[in-house]
Amino acid sequence: MATIRRRVTAHGRVQGVFFRDSTREEAERRGVAGWVRNTSEGSVEAVFEGEPDAVEALVWFCRDGPGSADVHRVDVDEEEPEGLRGFKVT
């Protein structure tokens with residue numbers, strides 16, 4: 001299968017609710033590479049690279065977030081894969 005890449009920005013109450021660590025766990029479980037970080041604007045930004053079904057599942061995961069999150073909006077951008085390996089919380 002082809003590798004795809006998506007950049008996702010989740011807006012709402014997404015910091016301080018284990019969003020980044022939950023995203024890392026989900027990405028590792030699905031074999032998706034990339035990273036996730038908090039932004040200075042209060043959102044969470046992530047990049048996912050992997051098989052299309054797995055990446056799309058991560059995008060949907062970000063739409064809900066972990067149980068304590070309150071996601072108001074998710075922006076998704078398609079990008080060219082860079083060949084990332086592993087998944088980091090930064």
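**Notebook: sheet and helices of a predicted chain**

I began with the sheet, which is open, has 5 strands in the order β4-β1-β3-β2-β5 and shows mixed pairing; two strands pair if DSSP finds at least two bridges between them. I noted that the edge strands, β4 (70–79) and β5 (87–89), each pair on one side only. From one strand to the next, the twist averages 15°.

The model is predicted, so I kept in mind that local features need pLDDT of at least 70 and side-chain atom pairs count only at pLDDT 80 or more, while totals for chains, interfaces and linings use all residues. Residues are numbered from 1 along each chain as its sequence is written, and side-chain values use heavy atoms, with hydrogens and water left out.

Next I looked up β1 (residues 4–13), which pairs with β4 in the antiparallel sense over 9 bridges; for V8, the bridge partner in β4 is V76.

I then turned to the helices; helices (H or I, at least four residues) and strands (E, at least two) are DSSP runs, numbered from the N terminus. Helix α1 (residues 19–30) packs on the sheet and touches β1, β2 (33–38), β3 (44–50), β4 and β5, with its direction at about 175° to that of β5. Contact means heavy atoms within 4.5 Å, and axes are lines fitted to C-alpha atoms, for helices over the stretch in contact, with angles from 0 to 180 degrees between N-to-C directions. Helix α2 (residues 52–64) lies across β1, β3 and β4 and runs at about 5° to β1.

Which residues of α1 are buried? I found F19, S22, T23, E26 and A27, where buried means under 20% relative accessible area, exposed over 50% and partly exposed in between (1.4 Å probe, protein chains only). They lie on the same side of α1 because they cover an arc of only 135° around the axis, the arc being that of the directions from the helix axis to the C-beta atoms. The buried residues of α1 pack against β1, β2, β3, α2, β4 and β5. Just after α1, I noted that G31 takes a positive phi of about 75°.

Last, I looked at the chain as a whole: along the sequence, the pattern reads β-α-β-β-α-β-β. Its C-alpha trace spans about 35 × 20 × 20 Å along the principal axes. Buried residues make up 46% of the 90 residues, and among contacts between residues at least 6 apart in sequence, 79% join residues at least 24 apart.
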